[in-house]
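Dear colleague,

Please read the two side by side.

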Amino acid sequence: MNFIRIEWVPFRKIRSRHTTTNSLTRYSYHKYTTANVPYIHVIRDKHGELLLHKGIEAYNKLKSNHPIKNIPVYISEKECISELEWTYQLFRSCMEEKVNYELKKEYIMLLLRETKNDVERICQNTGCTKQVIFQLIFDWTIPDKYKDLAIKHNRIQLVNEIANNPKLQSYRSVLYPAVFQRKERLTIEKIKLFIAYLEAGYDLNVNSILALENFNKIVDYNEALTYYWDHLTFPDTRIMEGVFYYKGDKNSKINVRL
């Protein structure tokens, strides 16, 4: 990277990789516009694009409140920088600066996706420990063994849903293993079906040796629908083979398209 200089640039031309713009500070965006002092550091690549480098808090304030203004920035020239390398730099800046948890998490999730969940590689390129990364992406109550498995099998959303949903708290000992079954693997749709089962007044004995097997039966969507359909009754009418009958009066019928 070459020497740093100051230039005035249109804010709208500065690129970032995040969408989270919530701020931790109470500073007004005027702090970043009235003093004519650079608060943002950008990289200019060989194509002339301006890539956010540092000053993420100032960037978020300006983007939320005054995105069309020309602003002074520190500029460094760097002809070749990959998107992954740029994202590493932005994450390092997040960890060094006063940004919120959601923004740090957004960048670490980007890095996980772009490195195919290679936590060791991310640690090497950001200086963060595995524990710090896990603190950003997992609920603290999740056992470590399931955190490692969730990274390996890309099941982060599921284990966090189990940890964060109070309705599932008593069933975690069954739900966590269900996430990593080879067959009948747990999904968000199955979790929703299980919650509906609980809300209907039913329960699951997690202490039974058949707890996981019983759980899999409960959340088998096709089996559940078959059961419900087989036991479905209509108090006033009956539907059969495309003909609608008024119950008790078979002579009164209307052909309908089902």
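A residue is called buried when its relative accessible area is under 20%, exposed when it is over 50%, and partly exposed in between, as computed with a 1.4 Å probe and protein chains only. Helices (H or I, at least four residues) and strands (E, at least two) are DSSP runs, numbered from the N terminus. The model is predicted, with local features needing pLDDT of at least 70 and side-chain atom pairs counting only at pLDDT 80 or more, while totals for chains, interfaces and linings use all residues. Residues are numbered from 1 along each chain as its sequence is written, and side-chain values use heavy atoms, with hydrogens and water left out.

Strand E4, residues 50–54, is mostly covered, since 4 of its 5 residues are buried. Two strands pair if DSSP finds at least two bridges between them, and E4 pairs in the parallel sense with strand E2 (residues 14–15) over 2 bridges, where Ile14 has Leu50 as its bridge partner. Strand E3 (residues 40–44) runs antiparallel to E4 and is joined to it by 4 bridges, with Val42 opposite Leu52. In the hairpin of E3 and E4, which has 5 residues between the strands, Gly48 takes a positive phi near 85°.

Elsewhere, Asn117 lies in the loop between helix H3 (101–114) and helix H4 (119–126), and Asn117 is buried, with a relative accessible area of 19%. Leaving aside neighbours within four places in sequence, Asn117 is in contact (heavy atoms within 4.5 Å) with Leu112, Ile151 and Asn154.

With best wishes
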